[in-house]
Amino acid sequence: MIDRRLFIGSAAAATALLAVPGIAVAQAPTDRRFVFIVQRGAADALGTLAPTGDPAFAGLRGAFAQDFAGGARVGDFFTLHPNLAEAGRLYAAREALFVHAIASPYRERSHFDGQNILETGGHAAYALRDGWMNRLLGLLAGAERRAIAVSATVPVVLRGDREVGSYAPSALPEASDDLLTRVGAMYERDPALHGAWEQAMQTREMAGDLAGGGRQNGGATGALAARLLGGTEGARIAVIETGGWDTHANQRGRLGFALRGLDAMIGALKGGLGAEWRRTLVLVATEFGRTAAPNGTGGTDHGTGAMAMLFGGAVDGGRVLADWPGLGASSLHDGRDLRPTMALDALIAGAAAEHFGLDPARAGRLLFPNAAALRPAAGLIRA
Amino acid sequence: MSEIAIAFNRFGLGARFDDSAPADPRAWLAGQLGRFEARPTAIAAAPGRAEVAGRLAAYLEEARGEARQGRRQQRQRRRRGAAQPAAPMENMQSGESGMRDDDLAGLPDSARRFIRQSSRQNYLAMVAARTAAALTTPAPFVERMVHFWANHFAVSADKLTVIGLAGLLEFEAVRPHVLGRFGDMLLAAERHPAMLLYLDQAQSVGPNSQAARIAARFARGRRPPPGLNENLAREILELHTLGVDGGYAQADVTELARAMTGWTVSGLSRGLAARFLGVAGNAGDFAFAERIHEPGARTIMGRAYRQEGEAQARAVLTDLAADPRTARHLATKLARHFAGDDPPPAMVARLTQAYLDSGGDLPTVYRAIFDSPEAWVAAPVKFRTPWDWSLAALRGVGARNLEGPAAGALMTQLGQPVWRPGSPAGYDDIAASWAGPDALVRRVEAAERIASRTGGQIDARRLGPRLLPAQLSPGTQAAIARAESPAQGLALLLVAPEFLRR
């Protein structure tokens, strides 16, 4: 089912206010968990949750559309990528909520600037120094303030005045396949390096280094995060970074690989958190979307409208939120991108506020201080 | 490459992210000759010779005790007719300088303990000091020359006795003389305990020395008498001075080995023999033991040396340092380092002349390099070695230090562990040794790690032109700009073709 324009109207705001009493008991930690999975590189929304009910979809996407033949139907309009099996099960169990055609305030197409805005919560890149998750810690009390980055360093979203931890296994994984691909492309014009690089990649493939990476890595990272979030002494808030989403070429294989890793990560989080999953909110978001139509190299280029996902036992799921803009030529943003019709800032502010029982307006002002007309979304979290 | 990029990267150790471009790159380089710190804070704070050699002496004492014990047990077993176990202490070497436990299998506990302690507390502490000095130096060109000369006088920490001392050779023999005369550096390096132990000079005994005659009398043919070891003498001629084609013969090697007998290290034993030889002083100090010195005059490269004692080998080294073949050998290596893997003959000739005219004055030679057009050609002339590349990457992202274990692991991963070239020839200075397929992948992995540690705080689109002024190709710029994250953009910059070369 699609909740059209759910974010608009005073009724929604009133619903959110119902959660306010949570502030009064802030001294007694609620043991709620909040995980933000950052998709770095602009994940393709139309390739993740396809609007198979849109009449323009099949024609616009060409071969990409075939990937959804075996995917789980989400309502009568959307279909999940088949590699998102766990996400599909969570949707059926009403523990997954998908938000489509959403975007941060950023309207250019630079990963660097887009991620900075996604993470700082500012309206311009580098306008704010700290991340919105770190500012969120300022609204929480006691154990709920314990936050950790599941990476060697703390990403911008969690950086700021409040103390946070970071943890990554000491033996860091080998260079990611995406970086290796880009290095290969960069060396194409350098005969000496090109030759050596091609040889190295051949050896690597023969050695089987590339086998099974996505699911294994995603699952392992999810399991690690669950351990870090487990027990009474564990962290309550975590950030996980994922990559491999910048699919300019050969998107079908690469996006499928990345999605499988993400799905395994969600599954491992749920499995690892056990009973805590009931009080867990997982937010998955990316800096912007990709072009609606495939490019000449079997990929997609930087675009605008994207999607976000909420998972967890705390989520009032089994729904898709979208004010669907349509894929017709006249509907596309700049004639090429999925047009964003919802504000990612509002989704994040609303979800975080409801989850932790905070005043949504106050949370919105603090997390996204430059958003003039921010109306935090409501009705996302089970009361 | 622009002249600024050449000054930063070919001559220096890579631009730091906060370096401002010098108005006059040549003057910037020349000015460094007055700015170099021979003993910067990081190095002054590193473990000193007393600590390192004291630890070694204590271990050797323990090992000798174990060996005596082992021999006693062997004799007892022999009397009982049992099989003989392998001698415990004969090969006290570790391939990894104590870094990995599995390499230490088969060594006695005392050796394992010593290797671990001297690796961690001495070797890695000095690697960290060397790295910090290179990351923060006001004179990156001179630091580059320190690394160059330390590699010229290479010792390798895969020999147990050298693990802790290897870094000290650079700190004590190279740094104080890097802006002095080559002859002084040569003397300091050959007298250094790391060199004397690494190339077995410390145990070399003149066959006609007083000690050898006494030993022969006591041994009465049961044991071979202690004798001459040519190892250091050969490497002095082949690697440190004349060069492999330097026109010396085996007779010259043997004669130099004889002249050098008596050059040894004190304080590594407190036994009777040490006191008799006069080498019971401070642990790790140079000692001349007259009683193992081969008496008599020597003839080396057609020249007679009639000096007595320590002065004899010293005189040989002084002559070797002044030899035109030495000048040419050094000039060739320097030209290769700054003008390309095939050193241009005109530049080699120019540097040779500068060396000879100045009596081996190194700053004079450095200025001749600055004045060589061959070192300023716009196209990159060198593929960065792992050490060079790591410093450039770390300086580029603004690092001011790197902990010893991290630095040690990084250099081992990249295939150029610090002070552990595995041979007295040191590390190669040609691209073919470093630009292999696997080495490239390792660099990419290291770049990703370095970049991830900056936490996406660095915008490679802005950093690139600062580190490589006017040098990044449109293709590289586009690759960086299209990266999926700031950290990935930085990793791409660090492994860009322009960054891999200098």
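This is a predicted model: local features need pLDDT of at least 70, side-chain atom pairs count only at pLDDT 80 or more; totals for chains, interfaces and linings use all residues.
**A contact between two chains, and its surroundings**

A polar contact of 2.7 Å links the side chain of Asp178(A) to the side chain of Gln488(B). Asp178(A) belongs to helix H6 of chain A. With a relative accessible area of 7%, Asp178(A) is buried. Leaving out residues up to four places away in sequence, Asp178(A) touches Gly244(A) and Arg254(A) in chain A, and Glu484(B) and Gln488(B) in chain B. Asp178(A) is also part of a charged group: salt bridges with shared partners join Asp178(A), Arg182(A), Asp246(A), Arg254(A) and Arg290(A) into one network.

Three residues stand out on the chain A side: Phe112(A), Leu179(A) and Met186(A) supply 24% of the area that chain A buries against chain B, more than any other three residues.

The rule finds 14 residue pairs in polar contact between chain A and chain B, both residues being at pLDDT 80 or more. Which parts of chain A each supply at least two residues to the side that touches chain B? Two salt bridges are counted between chain A and chain B. In a salt bridge between the chains, Asp113(A) pairs with Arg461(B), and the closest N and O atoms are 3.4 Å apart.

Chain A as a whole comes next. Eleven helices and 13 strands make up its list of such elements. Chain A has 383 residues, and 58% of them count as buried. Among the contacts in chain A with a separation of 6 or more, 75% come from residues 24 or more positions apart. Chain A exposes about 14,500 Å², of which carbon and sulfur atoms supply 54%.

Ala72(A) sits in the loop between helix H2 (57-61) and strand E4 (73-74) of chain A. At 36% relative accessibility, Ala72(A) counts as partly exposed. Not counting residues up to four places away in sequence, Ala72(A) touches Phe78(A), Thr79(A) and Leu80(A). Pro55(A) is 17 residues from Ala72(A) in sequence, and their C-alpha atoms are 19 Å apart in space.

In chain B, Ser110(B) is found in helix H5 (residues 109-136). Is Ser110(B) buried or exposed? Ser110(B) is buried, because its relative accessible area of 1% falls under the 20% limit. Its side chain makes a polar contact of 2.6 Å with the side chain of Glu66(B). Apart from neighbours within four places in sequence, Ser110(B) is in contact with Tyr59(B), Glu62(B) and Glu66(B).

Salt bridges complete the picture, with 45 of them over all chains of the structure. In chain A, the side chains of Arg135(A) and Asp130(A) meet in a salt bridge of 2.8 Å, N to O. Arg135(A) counts as buried at 11% relative accessibility, whereas Asp130(A) is partly exposed, with a relative accessible area of 22%.

In chain B, Arg49(B) and Glu172(B) meet through their side chains in a salt bridge of 3.0 Å, N to O. Arg49(B) lies in helix H4 (residues 49-80) and Glu172(B) in helix H7 (residues 166-174) of chain B, so the pair ties together parts that are 123 residues apart in sequence. Both partners are partly exposed, with relative accessible areas of 22% for Arg49(B) and 27% for Glu172(B).

A further salt bridge in chain B brings together the side chains of Arg191(B) and Glu310(B), at 2.4 Å, N to O. Parts 119 residues apart in sequence are tied together by this pair, because Arg191(B) lies in helix H8 (residues 182-191) and Glu310(B) in helix H14 (residues 310-322) of chain B. Arg191(B) is partly exposed, with a relative accessible area of 21%, and Glu310(B) counts as partly exposed at 22% relative accessibility.

Methods: Residues are numbered from 1 along each chain as its sequence is written. Chains are lettered from A and ligands numbered from 1 in the order in which they are written. Side-chain values use heavy atoms; hydrogens and water are left out. Buried area is the accessible area (1.4 Å probe) that two parts lose on being put together, summed over both. A salt bridge is a side-chain nitrogen of Lys or Arg within 4 Å of a carboxyl oxygen of Asp or Glu. A polar contact is a pair of N or O atoms within 3.5 Å; within protein, one must be able to donate a hydrogen and the other to accept it, and residues adjacent in sequence count only if both atoms are side-chain atoms. Helices (H or I, at least four residues) and strands (E, at least two) are DSSP runs, numbered from the N terminus. Buried means under 20% relative accessible area, exposed over 50%, partly exposed in between (1.4 Å probe, protein chains only). Contact means heavy atoms within 4.5 Å. Accessible areas come from the Shrake-Rupley method with a 1.4 Å probe; for residues, only the protein chains shown count as cover.
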